[in-house]
Amino acid sequence: MLVSSADDIDVERESRTEKDHEYFETLDEVFNAYTWRSLFSLMNKGVVDQILGPLSQGKEARVILAKDRKGVYIALKIYYTTTSTFIKSRYKYIMGDPRFKNKKIKKDIIDIVEAWSRKEFGNLSAAYRAGVKAPRPIAVERNVLAMEFIGEGNRPAPTLNDLGVDGLDDPDEVFWEILRNVERTYVLAKLVHADLSEFNILYHNGDIRIIDWGSAVKREHPLAFGYLARDLDNVFRFFGVGLEGRRVARLIAERAGEPYEEDEDGWLVVKGKRLYEAIDEALG
Ligand SMILES: Nc1ncnc2c1ncn2[C@@H]1O[C@H](COP(=O)(O)OP(=O)(O)OP(=O)(O)O)[C@@H](O)[C@H]1O
Ligand SMILES: [Mg+2]
């Protein structure tokens, strides 16, 4: 194991954000004692061998590049434990989730953060098992989620937002690939992502990976339908497609109640139709 020397903290420049100076913070400033203990547990379990440096810094979490024992890059999403905005912004999701109903969630922010990390890991795992294009989940340890690194070398894949529609090789194909994955998430993982947008879809080798599953809710969640419609509206807006989120969400929900088959491309076939055919027929 060990934290690499400063020389190794050298994610290629192109992959850095405009907040470049943050890459030169020392690792001690990046990780508090609580987070260090989480990281050491992952090292002791053999999940993490080397910690390389930050890939991204969000409001509630940082994503760090690391290597496993085989020298393969992995991504660590580390939730902050020192921000009270966490409770405000996330409490409603956890409390509305039936899986957390019988759980006594203390006001202690650590418990909330740990519940959130486990929830994201559980959602990501369910999506991945359902064949949804998402990073492979590896482990969760308190506030740290380890997953497959999506990128080229040590350079993370861009988001759809980074590229814009014009930056995609085949926007039409990417659009339908997202819709195929949204339906798979709903029908097979029985989840709604609930934070889907061009910011949470990575584009790698002409293919997509949906990330950031912390907000996802079970299909039975009282607000699930609204989140599904909003997710779809975000996709339609990004691609400039004149479809209505609520109408497509209704179509997906109806199809989910019917028997289905899968074709060789992973499309669900319901009453002889794939989602794009059903959309074309109902709304086209
Ligand atoms: N598995 C991964 N492989 C490569 N890069 C990743 C991975 N997961 C996350 N990232 C990078 O980290 C960024 C933030 O990840 P994510 O969306 O999960 O966190 P977040 O807390 O929502 O951050 P933000 O507030 O910026 O949205 C992504 O845009 C991407 O650049
Ligand atoms: Mg995000």
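Predicted model: local features only at pLDDT ≥ 70, side-chain atom pairs only at ≥ 80, totals over all residues.
Local features need pLDDT of at least 70, and side-chain atom pairs count only at pLDDT 80 or more. Residues are numbered from 1 along each chain as its sequence is written.

User: Which residues are the protein donors of the magnesium ion (ligand 2)?
Analyst: Donors are N, O and S atoms within 2.8 Å of the metal (3.2 Å for Na, K and Ca); water is not among the atoms, so sites may look incomplete. Here the donor atoms lie 2.1 to 2.2 Å from the ion. One sits in the loop between strand 9 (191-192) and strand 10 (201-204), the other in the loop between strand 11 (207-210) and strand 12 (217-218). They are Asn200 (OD1) and Asp212 (OD).

User: Is asparagine 200 buried or exposed?
Analyst: Buried means under 20% relative accessible area, exposed over 50%, and partly exposed in between (1.4 Å probe, protein chains only). Aspartate 212 is buried. Asparagine 200 is likewise buried.

User: What is the relative accessible area of asparagine 205?
Analyst: Asparagine 205 lies in the loop between strand 10 and strand 11. This residue has a positive phi of about 50 degrees although it is not a glycine. Asparagine 205 counts as exposed, and its relative accessible area is 64%.

Terms used:
Chains lettered and ligands numbered in written order. Heavy atoms only, no water. Helix = DSSP H or I, 4+ residues; strand = E, 2+ residues; numbered from the N terminus.
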